[in-house]
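Biologist: Please walk me through the labels used for this model. I want each value set against its cut-off.

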Amino acid sequence: MTNKITPPDTPTIVLAGRAWPIPRLAPRQNRIVVPALLELIPRILRARDEAAAAGETGGFAQVARYLDTAAYDRLTEIAFLALTRAQPDLARAAFEDMPIDTFELIGAVRVIALQAGLIRRAGETDERRG
């Protein structure tokens with residue numbers, strides 16, 4: 001569905017094997033998503049660096065270093081809130097019953113950070129962000 005919130009070039013994330021459009025987030029989502037990302041991203045990057053320093057390869061070694069229950073809960077929270085920007089009727093209970101792979105949640109972080117305004121789009125400068 002294309003509308004003002006979800007233009008045709010909107011990035012998507014894949015959860016439960018389905019592509020979901022993630023438009024730019026509104027303050028309603030960002031007030032929770034941004035602090036959660038600012039908490040999670042340094043942990044993810046530190047885990048990546050620690051796994052690399054230990055010579056461990058593969059995503060599981062990295063994920064095992066940071067993905068505890070609290071971090072998993074934060075990932076699901078930001079994914080759900082990001083989905084509700086384009087799907088405001090999505091119920092939390094329905095989301096929590098979806099068969100979502102852990103690596104799908106982790107893979108969604110970059111797009112969510114982009115749409116929350118924490119990552120610049122290619123060619124974007126501070127002046128263009130307004």
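Predicted model: local features only at pLDDT ≥ 70, side-chain atom pairs only at ≥ 80, totals over all residues.

Modeller: Residues are numbered from 1 along each chain, and side-chain values use heavy atoms, without hydrogens and water.

Biologist: Why is α1 called oblique to α5?

Modeller: Helix α1 (residues 27-53) and helix α5 (residues 102-115) pack at about 130°, axes 11 Å apart. Under 35 degrees is roughly parallel, over 145 roughly antiparallel, 65 to 115 roughly perpendicular, and the rest oblique. Therefore α1 is oblique to α5.

Biologist: Which residues make the contact of α1 and α5?

Modeller: Val33, Leu37 and Ile41 of α1 meet Val109, Ile112 and Ala113 of α5, where contact means heavy atoms within 4.5 Å.

Biologist: What makes arginine 92 and glutamate 96 a salt bridge?

Modeller: The rule asks for a side-chain nitrogen of Lys or Arg within 4 Å of a carboxyl oxygen of Asp or Glu. Here N to O is 2.8 Å, so the pair qualifies. By this rule the count comes to 5 salt bridges.

Biologist: How do you know whether glutamate 96 is buried or exposed?

Modeller: Buried means under 20% relative accessible area, exposed over 50%, partly exposed in between (1.4 Å probe, protein chains only). Glutamate 96 has 51%, so it is exposed. Arginine 92 has 32%, so arginine 92 is partly exposed.

Technical notes: Axes fitted to C-alpha atoms, helices over the stretch in contact; angles between N-to-C directions. Helix = DSSP H or I, 4+ residues; strand = E, 2+ residues; numbered from the N terminus.
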